[in-house]
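Here is a walk through one protein chain, taken a piece at a time. Keep the structure open and follow along.

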Amino acid sequence: MVFSSLTINGCSYSKWLPTILESFRNLKSLSWGCDDSFEELHFDWMNQISFSSAPECLLSSLESVDFKVPLSGLAGEMKVLRYFLENSALLKKLTIRFRCDCSTKDEFVKEVLRIPRASTECEVVIL
């Protein structure tokens, strides 16, 4: 399928992330939102997903990823962030919203900034 922009709005899609990315080979922009009542479950499911390889869009077209759901540094969340940063060769901007009620923001920021990036032009924005 040819889409330049995709918005995923719903936690139930998280387990399908690898399949979704493989289906959109020319994807340039990905935006991820989630219903408030399922925020914490959303990336918990990501711990169970195996990212075997980087799909075509990560290697050749994805330029922007925006996590509209607030993150707090859970293992599943970090796994997803690492996957995008380490595999997206053309990524220009990764936007993360940090959960305000979490007291570990400094550690979260340090951990995210330590993740190696496939794109030397990638800017990580933490709101």
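Start at S119, in the loop between α5 and β5. This is a predicted model, and every value below is computed from it. Is S119 buried or exposed? Its relative accessible area is 6%, so S119 is buried.

What does S119 touch, apart from its neighbours within four places in sequence? The contacts are S88, A89, L90 and L91. Take S88 as an example. S88 and S119 are 31 residues apart in sequence, yet their C-alpha atoms are 6.5 Å apart in space. The side chain of S119 also makes polar contacts with the backbone. One of its polar atoms lies 2.7 Å from the backbone oxygen of L91. The backbone nitrogen of E121 is reached by the S119 side chain at 3.2 Å.

Now turn to the sheet. It is open and has 5 strands, in the order β1-β2-β3-β4-β5. The pairing is parallel. At the edges are β1 (5-9) and β5 (123-126), and each of these pairs on one side only. From one strand to the next, the twist averages 10 degrees.

Look at one pairing in detail. Strand β3 covers residues 64-71 and strand β4 covers residues 93-98; 5 bridges join them in the parallel sense. Follow L71 across to β4, and its bridge partner is F98.

Helix α4, residues 75-87, touches β2 (29-33), β3, β4 and β5. The direction of α4 makes about 170 degrees with that of β3. Helix α5, residues 105-114, touches β3, β4 and β5. For α5, the angle with the direction of β5 is about 165 degrees.

Next, pick a residue within the sheet. S31 is found in strand β2. Its relative accessible area is 10%; a residue under 20% counts as buried, so S31 is buried. Leaving aside neighbours within four places in sequence, S31 is in contact with L6, T7, I8, D66 and K68.

Then comes the nonpolar core. In soluble globular proteins, nonpolar side chains tend to be buried together. The largest nonpolar core here has 33 residues. Which of them touch the most other members? They are L21, F67, L81, F84 and L94. Two or more residues each come from β1, α1 (17-23), β2, α3 (56-60), β3, α4, β4 and α5. Helix α4 gives the most, with 6 residues.

Beyond its neighbours within four places in sequence, L94 is in contact with V65, F67, L81, L85, C122, E123, V124 and V125.

Finish with the aromatic rings. The structure holds 3 aromatic pairs. Why is the pair of F67 and F84 edge-to-face? The ring centres are 6.0 Å apart and the planes stand at 75 degrees; planes over 60 degrees apart count as edge-to-face, so this pair qualifies. The pair links distant parts of the chain, since F67 is in strand β3 and F84 is in helix α4, 17 residues apart. Both F67 and F84 are buried.

A second pair joins Y83 and F84. Here the centres are 5.7 Å apart and the planes are at 70 degrees, so this pair is edge-to-face too. Y83 has 5% relative accessibility and therefore counts as buried. F84 is at 0%. Through these ring pairs, F67, Y83 and F84 are linked into a cluster.

Definitions and conventions
Residues are numbered from 1 along each chain as its sequence is written. This is a predicted model: local features need pLDDT of at least 70, side-chain atom pairs count only at pLDDT 80 or more; totals for chains, interfaces and linings use all residues. Side-chain values use heavy atoms; hydrogens and water are left out. Two strands pair if DSSP finds at least two bridges between them. Helices (H or I, at least four residues) and strands (E, at least two) are DSSP runs, numbered from the N terminus. Axes are lines fitted to C-alpha atoms, for helices over the stretch in contact, and angles run from 0 to 180 degrees between N-to-C directions. Contact means heavy atoms within 4.5 Å. Buried means under 20% relative accessible area, exposed over 50%, partly exposed in between (1.4 Å probe, protein chains only). A nonpolar core is a set of buried Ala, Val, Leu, Ile, Met, Phe, Trp, Tyr and Cys residues joined through side-chain atoms within 4.5 Å. Rings of Phe, Tyr and Trp (its six-membered ring) pair if their centres lie within 6.5 Å; planes under 30 degrees apart count as stacked, over 60 as edge-to-face and the rest as tilted. A polar contact is a pair of N or O atoms within 3.5 Å; within protein, one must be able to donate a hydrogen and the other to accept it, and residues adjacent in sequence count only if both atoms are side-chain atoms.
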